[in-house]
Amino acid sequence: MKTKATLLIGTVLIAVFSCDTKNYTEQDRMQATSNLENYVDSVKNAVAMSPRHNWNQIENRFDSLENRAEKIYDDLDVEDNSLEMTE
């Protein structure tokens, strides 16, 4: 029963994410890029100030911002040269 529930939830999540038909604008692209650049800069500053960090949390947040930016860039069919520069 637990396996069926897990599979059902997974199927629903896949369906929801694959049906996302939001049309993004140029402003969304600029905001996503800015968010990603600001996050990278804030991590650089935090590392300079303190040697102890939760790197898993930092990486997860970066991946989340990067995935959103990639989704917007893909939707707008734009080259992601500025996105690659933040990595």
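This is a predicted model: local features need pLDDT of at least 70, side-chain atom pairs count only at pLDDT 80 or more; totals for chains, interfaces and linings use all residues.
Residues are numbered from 1 along each chain as its sequence is written. Local features need pLDDT of at least 70, side-chain atom pairs count only at pLDDT 80 or more, and totals for chains, interfaces and linings use all residues, while side-chain values use heavy atoms, with hydrogens and water left out.

**Exercise 1. State the fold pattern and the buried share of the protein.**

Step 1. Take helices (H or I, at least four residues) and strands (E, at least two) as DSSP runs, numbered from the N terminus. The protein has four helices and zero strands. Its pattern along the sequence is α-α-α-α.

Step 2. Call a residue buried under 20% relative accessible area, exposed over 50% and partly exposed in between (1.4 Å probe, protein chains only). Of the 87 residues, 20% count as buried.

**Exercise 2. Find the largest nonpolar core and the elements that build it.**

Step 1. A nonpolar core is a set of buried Ala, Val, Leu, Ile, Met, Phe, Trp, Tyr and Cys residues joined through side-chain atoms within 4.5 Å. The largest one has seven residues: Leu36, Tyr39, Val40, Val43, Ile58, Phe62 and Leu65.

Step 2. Two elements give two or more residues to this core: α2 (26–49) and α3 (55–76). The largest share, four residues, comes from α2.

**Exercise 3. Locate the salt bridge and describe the setting of its partners.**

Step 1. Apply the rule: a side-chain nitrogen of Lys or Arg within 4 Å of a carboxyl oxygen of Asp or Glu. The count comes to one salt bridge.

Step 2. Name the pair. The side chains of Glu26 and Arg29 meet at 2.4 Å, N to O.

Step 3. Glu26 and Arg29 are three residues apart in helix α2, so about one helical turn separates them.

Step 4. Glu26 is partly exposed, at 39% relative accessible area. Arg29 counts as buried, at 16%.
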